[in-house]
Amino acid sequence: MSLDVRSIPDRSARAPQEGRPDRQEDAPWWQSAVVYQVYPRSFADADGDGIGDLRGIASRLDYLRELGVDVLWLSPVYPSPQDDNGYDISDYQDIDPVFGSLADFDELLAGVHRRGMKLVMDLVVNHTSDEHPWFRDSRANVGGKRDWYVWRPARPGRVPGTPGAEPNNWGSFFSGPAWEFDEGSGEYYLHLFSRKQPDLNWENPRVRHAVYAMMRWWLERGVDGFRMDVINLVSKDQRFPDGAVADGAAHGDGSPFYVCGPRIHEYLQEMHREVFAAHPGRLLTVGEMPGVDVDQARLFTDPDRAEVDMVFQFEHVGLDHGPGGKFDPRPLRLSELKRSLGRWQEGLATTGWNSLYWNNHDQPRAVSRFGDDGPRHRELSAKALATVLHLHRGTPYVYQGEELGMANAPFAAVDDFRDIESLNHYAHAVAAGADPERVLDGLRRMGRDNARTPMQWDASPGAGFTIGTPWIAANPDHLRVNAAAQLADPSSVFHHYRRLIALRHGEPAVVHGDFTMLLPEDEHLYVFTRGLGGTALLVAANLDGAPRPLPAAVLEGWGGARVLVANYADRPDLGGFPVLRPWECVVLRRASA
Ligand code: TEU
């Protein structure tokens, strides 16, 4: 039987799959789902204040339905001083007025559910805002809250509050030390991120149970799961030892003492018992886990251990970080990318589950980073990257605008940036003597604001995002690259994503098939097969701007196979054309009779 994505029925009309092995019939719903991440600040602004909001999102749900995604993951919308755009929360059980109200939220959730989709909340519980009442009480040492956060005295023999007197040498992710001095008590509190994001003390069972109660409250309100911010950092080695100091680094690396720390599995199993267990089969849980390796990920996602459904790992988005870190990028070697992603496919093949992503609100745009955002190849390379990712085994995540091939923004000067990570890095690096132009160049290529420019709905002055002045400038390329134009063009990046999503919904081999990497050493071609029962898929992509021949051995046995997806309109099959053109990709399917 051959399968044409155009004939795949609409998800709402999908019949229960018949005649599949038990394993797939029992498979959790999220294994065949595609998640779409919304960064509320930059998605759609209904009230014209230049900042996106919940009513804006609600007004765009039909667009998401048209794309075909199953789940909407909402980055934080809780009350927040917005030091880190909402990842600094001052009240876990309300909505920030800038985004709307709880009533707006309920309406959005109902709209999502009415369209047969689900909604996953961002859960940020490694830290709160320093303006959260818990931290205010902790700092003032009232209400028994002191040990809800991590307080430590100065390093022995040092004068508290003076340089170098911090309890240990750990650096924060956002530059500077990970400790902030508190005049009132003469002690320091830990903040792995900004000084306005104090780390909660997970050793304290009261803290954990307050978090679980809050999570249950959202589930009772109807949300369908959680994306859990840096959840593998919550358990810290209680000795708080100094970390190793790399050449030229101002601070030590504390990560060995808090990445997947001593009690992390215990905490997640407790959370599962206290929160998730009451909703069997209903939720999606994904732990964001910087520094996690495959072996740890298998433990986190083994269903028998009852922790989380899947994790976001960072290996593949760290491969282009240079010796000076993420803002000192180096060219990516395709063989390294394949080795990394291939190892994750293998490592979670029989136990656990992968999440798949190129983009999110912390990463530069994939088409600029791994593809080619120039006029000739932007669409082709966006489609090729999408095809490669979506044909892997795992749950794909699409970040807003990725489905349009949105590119990095042309930031001219440091004033164009808004992100605390970029601004702090610039200030620290320049103060330490770095060349400002070089630092800016790093921010342009790797800065998180690339992902945060307004969603490009149309060619109007506010890109259809706002009728006001956007909080961060829209990419001027929205005149060409926008949703309105792409919805009307069946050959657009948008419609390519739509086909990939439909393919996952209709082709069990995409969801459940095994994975075999071919040509692992090739620096231009990304080629693999998927197999399930008698069905096999061949995915071949040329991730380069020059034509590349496909080795004959790869094509053996694929003569006459059906093309399911391609990014050049005239690709009937691979038989007569074993050369892949610039950024060409193709997915073939064959089935034994
Ligand atoms: O990010 C965690 C993280 O480790 C990084 O991706 C981080 O954002 C940074 O870029 C490291 O260089 C999560 C959120 O996704 C991010 O937006 C927050 O800023 C951070 O946690 C703190 O909550």
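The protein is divided into domain 1 (5-127 + 205-500), domain 2 (133-190) and domain 3 (514-591), with bounds taken from an automatic or database domain assignment. Taken over C-alpha atoms, the centres of domain 2 and domain 3 are 56 Å apart.

This is a predicted model, in which local features need pLDDT of at least 70 and side-chain atom pairs count only at pLDDT 80 or more, while totals for chains, interfaces and linings use all residues. Residues are numbered from 1 along each chain as its sequence is written, and side-chain values use heavy atoms, with hydrogens and water left out.

The ligand is surrounded by 18 residues, a residue being near if one of its heavy atoms lies within 4 Å. The closest are Asp 84, Asp 229, Asp 362, Glu 421 and Arg 448. This shell divides into 6 nonpolar, 3 polar and 9 charged residues; Asp, Glu, Lys and Arg count as charged, Ala, Val, Leu, Ile, Met, Phe, Trp, Tyr, Cys and Pro as nonpolar, and the others, Gly among them, as polar.

| Residue (polar side-chain atom) | Distance to a ligand oxygen atom |
|---|---|
| Lys 326 | 3.0 Å |
| His 361 | 2.9 Å |
| Glu 421 | 2.5 Å |

Taken alone, the ligand exposes 480 Å², and the protein buries 94% of that; accessible areas come from the Shrake-Rupley method with a 1.4 Å probe.

The count of disulfides (pairs of cysteine sulfur atoms within 2.5 Å) is 0. Cys 260 counts as buried because its relative accessibility is 15%, under the 20% limit for buried residues. Cys 585 is also buried, at 1%.

Notes:
Polar contact = N/O pair within 3.5 Å; in protein donor to acceptor, adjacent residues only side chain to side chain. Buried < 20%, exposed > 50% of the residue type's maximum accessible area, 1.4 Å probe, protein only.
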